[in-house]
Amino acid sequence: MQRSRVVIYNPTQFKSIRLKAALFFTLISVSFADAQYFQFSQYNFTDQRVNPAMIGTSKYMSASLDSRNQRTGGDFNINSNIVSFTRPLLNRSTGRAWSGIGITMMDDRSGGIFKTQEATISYAVNIRLSRYRILSMGFKGLYQTRRISFAGYNTGSQFVPDRGFDNSLPNGESAGELTNSFSTFSTGLYWQETDRQEHVTGYWGFSIFDLNKPNDSFAGTKSQLSPSLVFTGGFRVYQNRELSIFPELLYTGNSSNHLVNMGARWQYEIKPMPNQKSDRIDVLTKYAFGRSAILGIQLHRENFSLGMSYDFPVFNNNPSNLGAFELGVEIRKLVLTRAGKDRIRRQKETEKMKLAKKLPNQRPPAKKNTTDSLKNFTKNEKVEAQIEIEKSDTAKSNPIAEAGKLKHEPLIVEKITLHFQFEFNSIDLDDETEKFLDQLSETLEEDKDLKVRVVGHTDNVGSEKFNQRLSVKRAESIRDFLLKNGVDRERMNADGRGMSTPLVENETEEGRRKNRRVEILLYYER
């Protein structure tokens, strides 16, 4: 908005105005020549400006806004606002994100004279390295328009003797507005590791922006925009039940300008629960070398994030940044496949059905109802699990253990059959299986006399030797998971039968699916 003002002339004031104008255009020229690509302080809200490959790593679609107001020594503010949208694309069978798309729109204004508007579209595709590690490659196209307007610039032509400067008069500049538009292309590579709760434990990525070196000159002469390299990385160095410390680094540079932003995120979990995402508060303590220190605080919930930060000069004065306030907000929604929606529905139904019946006292004291604690395992789109409970009052109804495996005839409490749909040549466990095994670990922890026998089975696809080895590995993966949860190795036994003991014929895909299973026997030794 233009403001008309009339001031009394004096040489000192006129000199001050000229100096401010000179400083303003000096800052603009520096921004064109050197700082061609800037980063927001809360760059977790603007991941597409950091690396386009980051948009495909989450199962949540999101909409975010980051707004920044920065004071300068030129008596004007720099206002930057960016809106971002991301949408993952999920694998129908696994429910995991295999790629993602994103768009951004940004508006940047400096003192009402320099304006930048840009729109981008990004695409990323993932390569899953393991259960918890992912490598993503991303691509981004950008269209940007820059404008310099002299409408609000005071010159000597607007000075009226004995009155001062009158903005209603023309300023004498023939060029009312200079405009330049161009398109650029960018790419990036991003690696990420998470834990079972899908919390990021480590990441690194690098990206190159403005690969095609577009012409960014306002005067029509050739002036190529230099490509910018961005590197980001971080890892969790400390964690207890509530607190985690996460050092981070962000480097942005081109041929003539380099900016390093480094520090730490201090993450505090609010009422953490096993195998569940909890609310989190992040405290940001960072320093952008040669620019400013950064302090911030953020609240993260499953479907909502809110953060604010403040930049302030430290160690040296920077006329381009005398202080900046930044506000970020993000709204997220979990994207589900049809199978995933069915799984959620079944989970809700399961929660309503609480079994009150306790196990018979086959071996006193019975510390926990084992049947009730294990029936909370439901199906999902990746692993289809069916629990079959077999009880007996006598050992006659149960099979006798193999010679050499167990020295005594066991008193079997439960037989649990898990039907898996493993990925090809994979022994990875999915989230629902791990939640079930966590419950099983709690049961085994409460009853130290209860023992476990895990037996893996396969279908008939592949050689007998290969299937035997694969069945053993799958049984051992469950045993090793229980071992990590604190169950004594001496209480567990893992074995594989390969394709030797099918439940049904292997002639159909449905039959082969039923034969790909792991059997868990809970028993007492007499």
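**A friendly note on buried charges and a nonpolar patch**

1. Let's start with Arg265: at 12% relative accessibility, this residue counts as buried, because buried means under 20% relative accessible area. Please keep in mind that the model is predicted.

2. What does Arg265 meet in a salt bridge? Its partner is the side chain of Glu248, at 2.9 Å from N to O. Arg265 lies in strand 13 (residues 258-270) and Glu248 in strand 12 (residues 243-253), so the pair ties together parts that are 17 residues apart in sequence. Glu248 is buried too, at 7% relative accessibility.

3. Glu248 also forms a salt bridge with Lys286 (2.8 Å, N to O). This pair links distant parts of the chain, with Lys286 in strand 14 (residues 279-288) and Glu248 in strand 12, 38 residues apart. Lys286 is buried, with a relative accessible area of 8%. Look around here for a network of salt bridges that links Glu248, Arg265, Arg280, Asp282 and Lys286.

4. The structure holds 20 salt bridges. One of them joins Asp311 and Arg68 (3.0 Å, N to O). Asp311 sits in strand 16 and Arg68 in strand 1 (residues 60-71), so this pair ties together parts 243 residues apart in sequence. Asp311 is buried at 0% relative accessible area, and Arg68 is buried at 4%.

5. Now for the surface. A nonpolar patch of about 850 Å² is made by ten residues you can find in the structure, among them Trp266, Phe304, Tyr310 and Ile331. Which strand gives the most to the patch? Strand 16 does, with four residues. Tyr310 is in strand 16 and is partly exposed, with a relative accessible area of 37%.

Notes. Residues are numbered from 1 along each chain as its sequence is written. This is a predicted model: local features need pLDDT of at least 70, side-chain atom pairs count only at pLDDT 80 or more; totals for chains, interfaces and linings use all residues. Side-chain values use heavy atoms; hydrogens and water are left out. Patches are made of residues with over 30% relative accessible area and no salt bridge: like charges are joined within 9 Å, nonpolar side chains (Val, Leu, Ile, Met, Phe, Trp, Tyr) within 5 Å. Accessible areas come from the Shrake-Rupley method with a 1.4 Å probe; for residues, only the protein chains shown count as cover. A salt bridge is a side-chain nitrogen of Lys or Arg within 4 Å of a carboxyl oxygen of Asp or Glu. Helices (H or I, at least four residues) and strands (E, at least two) are DSSP runs, numbered from the N terminus. Buried means under 20% relative accessible area, exposed over 50%, partly exposed in between (1.4 Å probe, protein chains only).
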